[in-house]
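Subject: Structure handover

Hello,

Here is the structure I said I would pass on. Please open it next to this message and follow along.

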Amino acid sequence: MSSMRVRKGDTVQMLTGKDRGKQGRVIEARPRDRRVIVENLNTVKRHTKPRPMRDASRMGGTQMTPGGVIEKSSAVPISNVMLVCPTCNRPTRIGMTSKEVKGREIRVRVCKRADCLQEIDK
């Protein structure tokens with residue numbers, strides 16, 4: 001299984017679903033599941049009970065995490081997002097090239113648009 005070409009901190013654009021066309025930053029990447037969590041996109045509502053917090057007994061009374069309806073971002077399959085090139089600011093497919101830095105070969109992500117072809121990793 002190859003590693004994912006979208007990483008934590010990248011800006012991506014949603015290709016499908018209710019948030020189609022919107023852009024956001026990747027908060028978490030899960031290569032094993034081939035999924036990413038994008039900030040403020042694909043939000044779901046979860047009804048939670050108030051629960052006591054761990055390690056909160058130091059300050060006397062137990063502290064509680066608030067209950068109620070909480071909105072949080074859920075994971076999206078990697079095929080449903082497309083990386084936005086930081087140079088040309090457009091969604092793009094990603095290629096890999098090898099580059100020599102200080103005598104070592106490293107793999108670098110590259111924008112595949114014909115008029116850009118810039119490195120994504122600086």
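By class, how many nonpolar, polar and charged residues are in the lining of the largest pocket? Before the answer, please note that this is a predicted model.

The pocket

The lining of the largest pocket has nine nonpolar, six charged and four polar residues. The volume of this pocket is about 380 Å³. It is lined by 19 residues, and those closest to its centre are Met-4, Arg-5, Val-6, Ile-78 and Ile-94. Three elements, β9, β10 and β11, each give two or more residues to the lining. The most comes from β9, which gives three residues.

The sheet

Next is an open sheet of five strands, in the order β8-β3-β2-β1-β9, with antiparallel pairing. Its edge strands, each pairing on one side only, are β8 (75-77) and β9 (81-83). From one strand to the next, the twist averages 50°. At the β8 end of the order, you can look at one pair in detail: β3, residues 35-38, is joined to β8 by three bridges in the antiparallel sense. Within this pair, Val-36 stands opposite Val-76 of β8. As background for looking at any strand, side chains in a regular strand alternate between the two faces of the sheet.

The hairpin

Strands β10 and β11 form a hairpin with two residues between the strands. β10 covers residues 94-101 and runs antiparallel to β11, with eight bridges joining the two. Two places to check are Gly-95, whose bridge partner in β11 is Val-110, and Glu-100, which stands opposite Glu-105 in β11.

Residues with a positive phi

Most residues other than glycine have a negative phi. In the hairpin of β10 and β11, Lys-102 has a positive phi near 50°. Asn-42 has a positive phi too, near 55°, and is found in the loop between β3 and β4 (43-48). Leu-117, which is not a glycine either, has a positive phi of about 55° and is found in the segment after β11.

The segment after β11

Is Leu-117 buried or exposed? Leu-117 has a relative accessibility of 54%, and the cut-off for exposed is over 50%, so Leu-117 counts as exposed. Ile-120 also lies in the segment after β11, which itself spans 104-111. With a relative accessible area of 10%, Ile-120 is under the 20% cut-off and therefore counts as buried.

Which residues is Ile-120 in contact with, leaving aside its neighbours within four places in sequence? They are Leu-83, Pro-86, Ile-94, Arg-109, Val-110 and Cys-111. Some of these names have come up already: Ile-94 is one of the residues closest to the centre of the largest pocket, and Val-110 is the bridge partner of Gly-95.

One distance can be checked in the viewer. Between the C-alpha atoms of Ile-120 and His-47 there are 39 Å, and the two residues are 73 residues apart along the chain.

Regards

Key
Residues numbered from 1 in each chain as written. Predicted model: local features only at pLDDT ≥ 70, side-chain atom pairs only at ≥ 80, totals over all residues. Heavy atoms only, no water. Helix = DSSP H or I, 4+ residues; strand = E, 2+ residues; numbered from the N terminus. Buried < 20%, exposed > 50% of the residue type's maximum accessible area, 1.4 Å probe, protein only. Contact = heavy atoms within 4.5 Å. Pairing = 2+ DSSP bridges. Axes fitted to C-alpha atoms, helices over the stretch in contact; angles between N-to-C directions. 1 Å grid on protein atoms, 1.4 Å probe; cavity = no way out; pocket = protein on both sides within 12 Å on 5 of 7 lines; lining within 4 Å. Points joined across faces, edges and corners; volume = space filled by probe spheres on them. Nonpolar A, V, L, I, M, F, W, Y, C, P; charged D, E, K, R; others polar.
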